[in-house]
Structures are given as C-alpha cells and as structure tokens.
Amino acid sequence: MIRIGSFKPDTNIFLAPLSGISDLSFRKICRQFGAGLCYFEMIDCNALIHGQNSPKVGEILTTEDSDSPIAAQLLGSTPEQMLKAAIILLMKMPKIKYLEINAACPAKKVAKKKAGAHLLKEPRILGEIIKLLSSELPLPITVKLRAGFDHYFEKDFIETVKLCERSGASALFIHGRTRKQGYSGEVNYEAIKKAKAAVDLPVFGSGNILDQGSMAKMFELTGCDGITVARGAMGNPWIFDGLNPDNVDLAKRIKVAKKHLGYMKKYRIDGHTHNIGIMRKISILYLSSVPNATVVRSHLSEAKDYEELLEVIDLSPGIAG
Ligand SMILES: Cc1cc2nc3c(=O)[nH]c(=O)nc-3n(C[C@H](O)[C@H](O)[C@H](O)COP(=O)(O)O)c2cc1C
C-alpha cells in the first residue's frame with residue numbers, strides 16, 4: 001500500500017498531469033476506465049496570483065464531486081511565489097490530495113521564467129520551495145522531475161533526489177528523460193531505479209508507458225512504486241482497464257471519442273481556448289490507429305464545429321474500410 005504523506009491511493013497507476021489535455025472531460029473518461037488518481041492541468045503560479053478569477057484558471061479548475069481523488073501541480077520559480085499561489089489554490093480547491101512542484105517542464109518560455117526543469121539547475125531553490133510548502137501547507141508536497149537538465153549525471157541526480165526527500169517531499173514523480181530530450185528518445189530506467197534505491201519515498205516512474213507491456217517494463221526495470229500514464233492514455237483511456245490499443249475496435253473508439261467530445265462541449269468555456277482545435281486533436285487521437293487513418297485525420301482536421309466533427313466520426317468506419 002502506497003502512502004503519499006497522509007494520502008493513501010487505492011491504486012498505483014495514475015493519470016499524469018497533461019497540460020492542455022487533462023481537463024475534467026479527459027479525467028472523467030480516464031476514471032471510467034479505472035484511473036486511480038488524476039491531476040488538474042498544471043497551473044502557473046502567476047495565473048493564480050494575478051488572475052485567480054480569470055476564465056483560464058476557472059477552466060483548469062472545473063471539477064465535480066466525482067472527480068476525485070485529484071492532485072494539482074504548480075509551475076513557479078521561488079518559494080514565496082509558490083506558497084502564495086498554493087494558498088489561493090487550496091482556498092479554491094480544498095479537495096486536492098497532494099500538491100506537486102513542477103521541476104520537469106522543458107518549454108523554453110518556462111525556463112526563461114526559471115521555472116519547470118530549470119529548477120533542476122538550481123537545486124538549492126528547489127529544496128527551499130519544498131521546505132516552505134511542506135512546512136506551511138496542510139497537505140503532502142511532491143515533486144515531478146526529470147533525469148537531468150541537458151544530461152544525466154548520476155551523482156547530481158541522486159543528490160537532487162535526496163535533497164527533495166530531506167526538504168520534506170512526500171513522493172517523487174520521475175520522467176526518465178532529460179529536459180534536452182523533451183518527449184522523445186530513450187527512457188532512462190536506470191535513473192529511476194537509482195532514485196528509488198536512494199530514498200525512502202514512494203517513487204513513480206514516467207516515460208513511454210504506452211501499453212500493458214511498457215507498464216510492466218517500468219515496474220520491472222526500476223522497482224518503482226507506481227507509474228503515471230501520459231501519452232499512453234491520450235485517445236487510449238482503456239489502458240487503465242488492462243487493454244492494449246490493438247484490442248480496441250473502431251466501434252468502441254467512436255463511442256468513447258463522442259462521449260469525450262460531449263464532455264468537452266459541456267465543461268469547456270465556449271470560444272475560450274479554441275475549442276474546435278482541441279476537439280479535432282482529441283478526435284484524431286482516438287482514430288489515429290484505424291486503417292486509412294491519414295484520410296480520416298484529414299477529414300477530422302477540416303471539421304468546422306462540434307456537430308461536423310461528430311458527423312465525420314460517424315462516417316469514419318466507411319473511410320477506414
Ligand atoms: C501534451 C503533454 C502535456 C504535458 N503536460 C505536463 C504537465 O503539465 N506537467 C508535467 O509534469 N508533465 C507534463 N507532461 C509530461 C508527462 O506527464 C510525462 O511525464 C511525459 O509525457 C512522459 O511520459 P510518456 O512518454 O509516457 O508520454 C506532458 C506531456 C504531454 C505529452
């Protein structure tokens with residue numbers, strides 16, 4: 001049984017935080033297939049401090065009673081800023097089970113603000129953030145980190161991991177790639193294994209978890225306590241139910257894609273974040289592995305609104321052949 005501080009999750013297979021993707025719609029779908037814990041989309045501290053009532057923050061924090069258990073992830077660069085944002089967040093969303101510090105985001109605009117993976121280059125600040133948040137807030141604090149910034153240096157990485165533990169982190173979530181690798185290339189299972197051996201905290205592995213085989217591989221090669229599923233769940237939520245993408249027929253894909261889009265229509269703020277663009281992207285994910293996927297994709301990309309998208313999805317068996 002895993003414990004993340006005071007929180008005892010029922011499973012050790014979580015849906016990863018996915019900016020732009022893990023909204024209420026996606027979380028509902030993943031929970032229906034068995035995801036044990038989901039995250040709100042990552043929130044920038046500045047968005048909370050300067051725009052806590054903005055439509056964007058409102059959309060990220062859209063939830064409902066059954067959307068539980070849930071965690072949140074904050075993007076920021078200083079202890080004070082992160083504490084301020086965390087307090088606002090917890091006032092709005094007291095049901096959050098644990099709060100995660102993002103030390104993994106590779107985006108250049110994030111690095112410029114000295115947040116995300118940049119914190120790996122400033123372990124002292126990362127430690128201070130963890131210390132302040134874990135001493136001032138009434139919930140467990142966790143850290144998402146990568147195997148390195150430009151390169152994996154075992155000694156530095158293990159020092160950082162130990163620093164997180166010493167500073168008060170309750171669990172570590174490790175994407176086994178460096179910031180430089182972004183989202184491609186080999187996953188460094190060895191780094192996750194070494195981290196697991198170096199601390200007494202629950203360690204979750206992330207990276208290339210795309211089907212049941214790669215889930216098992218992560219556990220076997222690293223000895224990690226749990227995993228977070230990221231791209232492997234996008235258009236493929238049945239991964240939580242023990243199914244592999246190849247075993248899901250087109251009829252099921254269509255049914256779940258339409259349900260997902262229906263939730264998006266219901267829960268996302270109209271016209272705010274180019275809904276149709278996101279809806280097209282979601283539809284393409286569900287139908288990317290069908291025969292004639294390229295043709296299906298081009299039709300989906302041309303759909304002008306929600307209704308047209310549903311029409312194309314309904315017609316896709318004819319296109320897929
Ligand atoms: C679209 C997208 C958005 C992501 N957003 C976040 C995020 O907000 N916070 C975070 O810690 N990781 C984020 N990630 C990283 C994933 O959680 C995960 O660690 C990474 O994709 C590696 O797993 P995978 O190879 O199985 O996809 C994101 C990944 C993708 C593809």
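Predicted model: local features only at pLDDT ≥ 70, side-chain atom pairs only at ≥ 80, totals over all residues.
Residues are numbered from 1 along each chain as its sequence is written. Helices (H or I, at least four residues) and strands (E, at least two) are DSSP runs, numbered from the N terminus.

Coming back to the pair, helix 10 (residues 250-267) and helix 11 pack at an angle of about 160°, with their axes 10 Å apart, the axes being lines fitted to C-alpha atoms, for helices over the stretch in contact, and angles running from 0 to 180 degrees between N-to-C directions. That angle makes helix 10 roughly antiparallel to helix 11 (under 35 degrees counts as roughly parallel, over 145 as roughly antiparallel, 65 to 115 as roughly perpendicular and the rest as oblique).

Helix 11 (residues 275-286) also packs with helix 12 (residues 293-302), at an angle of about 165° and with axes 9 Å apart, which makes helix 11 roughly antiparallel to helix 12. In this second contact, R280, S283 and I284 of helix 11 meet R297, L300 and S301 of helix 12, and the classes come to two nonpolar, two polar and two charged residues.

Elsewhere in the chain, helix 7 (residues 154-167) and helix 8 (residues 189-198) pack at an angle of about 45°, with their axes 10 Å apart, and that makes helix 7 oblique to helix 8. Helix 7 contributes E154, F157, I158, V161 and K162, and helix 8 contributes A191, K194, A195 and A198, a set that divides into six nonpolar, no polar and three charged residues.

Turning to the domains, the chain is divided into domain 1 (13-241) and domain 2 (249-320), with bounds that come from an automatic or database domain assignment. The C-alpha centres of the two domains lie 28 Å apart, and their contact takes twelve residues from domain 1 and 13 residues from domain 2. On the domain 1 side, helix 1 (24-32) and helix 3 (55-60) are the elements that give two or more residues, and helix 1 provides the largest share, five residues.

What surrounds the ligand? The shell has 21 residues, the closest being A16, S19, M42, A230 and R231, where near means a C-beta atom, placed from the backbone, within 6 Å. By class, the shell holds ten nonpolar, nine polar and two charged residues.

Finally, two backbone details deserve a look. Most residues other than glycine have a negative phi, and most peptide bonds are trans. The bond from S68 to P69, however, is cis, with omega near 0°, and P69 lies in the loop between helix 3 and strand 4 (70-75). K114, in the loop between helix 5 (108-112) and helix 6 (123-136), has a positive phi, near 65°.

Terms used
Contact = placed C-beta atoms within 7 Å. Nonpolar A, V, L, I, M, F, W, Y, C, P; charged D, E, K, R; others polar.
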